[in-house]
Amino acid sequence: MSGLSEPSAVGAEEPPASGLPDPTAPLTATGSLRRRAAVSRALEVTATGSALLAVAVFCIVIYTVVSRGAGAISFSFLTTDPTGIGTGGIAPAIVGSAVIVAIATAIAMPLGVLIALYLIEFAGRRSGRVVRMALDLTNGLPTVVVAIMVYGLIVVGSGDSAIAASIALAIVMLPLIARSSHQVLLLVPGTLREASDALGVSRWRGVLGVVLPSALGGIVTATILAAARAAGETVPILLLSSLVTSNDVQINPLHAVSAMPLTIYTDFNDGVPAAVTQAWGTALVLMAIILAANIGARMFLARNRSRLGL
Amino acid sequence: MALCAFAAILTIVIIVEVAYQVITGASPAISRYGLAFVWNTAWKPNLYIFGAGEMLFATLVTSAMALVLATPLGVAIGLFLSLLAPRPLRTVIGPLIEMLAAIPSIIIGLWGVIVLAPFVQEHLEPWLHSWFGFIPIFGPQQTTGLSVFTAGLVLTIMVVPIVASLSRDLFLAVPKELQDGAAALGATRWEVIRGVVLPTTASGVIAAALLALGRALGEAVAVALVIGGGSVIHASVFEPGTSVAARIINEITSLDNKLHLAALFYLALILLVIGVLTNLAAQAIARRVGGDQAMLVR
């Protein structure tokens with residue numbers, strides 16, 4: 001277990017202020033009670049106002065996308081090929097997004113879980129720290145830097161392809177899946193593991209048969225959230241899979257395939273009214289998928305939590 | 001075991017590979033322009049003149065603006081969600097704010113162009129100019145709302161949820177007894193927060209703000225849409241500009257020459273260096289509070 005402490009409780013239990021001059025200073029009552037109460041009230045109002053502002057922005061964004069995109073949506077919009085700039089459907093983009101994100105998930109999920117298992121089961125103190133630091137660094141990399149790395153690695157030599165975009169997205173997803181899985185695995189009760197050890201089960205059989213199944217819900221949730229994030233990333237697709245040559249549905253990952261964020265970007269930059277409408281329609285589809293995935297993952301997690309009694 | 005170790009080593013390989021590829025790609029530009037590339041301010045690909053100065057300026061201004069606006073807002077929301085709001089309200093508003101973080105940046109960018117930019121241009125610009133016009137950064141109203149200022153606002157919207165949810169988690173971990181103790185001594189709610197909650201979580205909040213800054217520095221597509229594409233450094237934030245990341249995605253599909261590509265890699269290298277430094281700083285601060293297991297990745 002490599003000496004992992006309880007998450008985040010440690011700092012809080014320390015006496016508050018090693019470096020602060022006098023921690024009780026703000027608690028010394030100053031001025032009249034009425035003034036103090038007024039200041040406190042002002043803070044509450046500000047905090048509430050900030051939260052409402054954020055919710056308002058969220059609602060306005062949703063409203064804008066729905067009101068501008070709903071007009072474009074129809075069955076044929078979702079299921080037919082585009083016929084020209086801003087006309088026809090977006091089926092290739094939907095299928096392309098699915099292909100790219102599916103491959104990225106297929107790369108990132110097993111690796112992410114393996115990394116989490118490494119951190120839990122095998123890592124020493126030092127190596128665990130190095131790996132966690134590398135994960136945090138990867139998570140902090142701007143997607144444009146990740147995309148340009150894959151550009152130098154693949155696209156310069158062999159041209160645009162869906163697989164290149166998938167690799168970039170997998171790098172974006174990897175730290176998200178690894179760290180969340182790590183946290184879920186930390187919650188697996190030690191008694192389960194000890195029981196399997198006591199039965200003489202080998203380390204690997206114990207991991208596969210006992211530890212992973214009890215953490216599966218959390219891992220799936222993390223994967224869905226990461227995939228939803230990846231589905232909305234525009235930059236990797238713009239840099240790595242944008243030279244789409246045909247209007248049909250393409251599923252060969254060795255060629256560039258269209259994807260929803262790319263359709264939105266190119267349509268919108270095109271500026272023709274029909275293309276802009278199509279961009280909003282695509283944005284609505286993309287947003288609906290991503291928000292649905294988020295809500296679904298949350299509900300799944302909540303159900304899972306209550307079942308495990310966490 | 002071997003598989004796990006392989007996967008773990010892969011994380012380090014990824015970091016090294018990113019650095020290697022970016023540096024190799026940038027090396028023609030590095031050897032030709034040297035470090036002066038970072039602050040030179042001309043960008044003329046057809047004449048082989050490249051300098052990151054004005055992009056770096058726009059990137060720093062927009063990110064600083066996002067940091068300055070998003071940190072207090074995010075902390076206030078974190079306080080609301082952890083300590084002030086009644087529970088039913090928390091369970092509704094908390095997820096909504098996290099959903100805001102889930103909206104893809106391209107959609108926020110689209111919304112920024114269509115809704116936010118006109119609003120900024122018609123209302124915020126004249127208002128700020130009339131009240132604070134004596135400060136040169138609030139220059140006269142422009143013809144479009146596509147500007148450094150709007151880009152900063154869009155970035156703020158994108159990073160507020162990060163600060164909010166991270167700081168909420170920090171505030172929730174502050175022991176209840178400490179707060180109750182302060183309240184029993186007669187402290188008002190604000191005094192409890194000011195005296196107990198904020199001091200115990202200050203480092204964590206700074207780390208959260210740094211993470212948000214890192215995200216803002218590297219954001220490409222939303223900024224590219226709303227920043228307006230100017231290429232001169234202006235004092236006024238209402239003028240258009242181009243950020244480092246926006247320049248990369250705008251030009252990589254239409255390269256003028258080999259050196260152009262190398263210059264774009266050089267820009268990516270600058271982003272990489274800034275990003276890694278910000279991230280390491282955040283990690284160092286977070287580790288000092290001891291929250292490094294839980295905090296940094298959501």
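At what angle do the axes of helix H4 (residues 91-122) of chain A and H5(A) cross? The answer is roughly 150°, and the two axes come within 9 Å; here axes are lines fitted to C-alpha atoms, for helices over the stretch in contact, and angles run from 0 to 180 degrees between N-to-C directions. That makes H4(A) roughly antiparallel to H5(A), since angles under 35 degrees count as roughly parallel, over 145 as roughly antiparallel, 65 to 115 as roughly perpendicular and the rest as oblique. This is a predicted model, in which local features need pLDDT of at least 70 and side-chain atom pairs count only at pLDDT 80 or more, while totals for chains, interfaces and linings use all residues. Residues are numbered from 1 along each chain as its sequence is written, with chains lettered from A and ligands numbered from 1 in the order in which they are written.

The crossing of H4(A) and H5(A) is left-handed; a crossing gets that name if the near helix is turned anticlockwise from the far one by less than a right angle, and is right-handed if clockwise. Where the two helices meet, A:Ile115, A:Tyr118 and A:Leu119 come from H4(A), and A:Gly128, A:Val131 and A:Arg132 from H5(A). Contact here means that the C-beta atoms of two residues, placed from the backbone, lie within 7 Å. By class, this contact splits into four nonpolar residues, one polar and one charged, with Ala, Val, Leu, Ile, Met, Phe, Trp, Tyr, Cys and Pro counted as nonpolar, Asp, Glu, Lys and Arg as charged, and the others, Gly among them, as polar.

Helix H5 of chain A covers residues 125-140. Helices (H or I, at least four residues) and strands (E, at least two) are DSSP runs, numbered from the N terminus. With 16 residues, H5(A) reaches 23 Å from its first C-alpha to its last, close to the 22 Å expected at 1.5 Å a residue; the expected span is 1.5 Å times one less than the number of residues. Among the buried residues of H5(A) are A:Gly128, A:Val131 and A:Arg132. A residue is buried if 20 or more other C-beta atoms lie within 10 Å of its own, exposed if 12 or fewer, and partly exposed in between.

Elsewhere in chain A, A:Ala256 sits in the loop between helix H10 (235-240) and helix H11 (260-270). A:Ala256 counts as buried because 26 other C-beta atoms lie within 10 Å. Neighbours within four places in sequence aside, its contacts include A:Asp160, A:Ser241 and A:Val244.

Now for chain B, which has ten helices and zero strands. Its C-alpha trace spans about 70 × 65 × 30 Å along its principal axes, and 57% of its 298 residues are buried. Helix H2 (residues 53-84) and helix H5 (residues 148-172) of chain B pack at about 35°, their axes 5 Å apart, and the crossing is right-handed. Their contact has 21 nonpolar, nine polar and one charged residues. Helix H9 (residues 244-251) of chain B is mostly covered, with six of its eight residues buried, including B:Arg247.

Finally, the two chains touch each other. Chain A gives 84 residues to the contact and chain B gives 89. On the side of chain A, helix H2 (residues 33-69) supplies the largest share, 19 residues. That side divides into 60 nonpolar, 18 polar and six charged residues.
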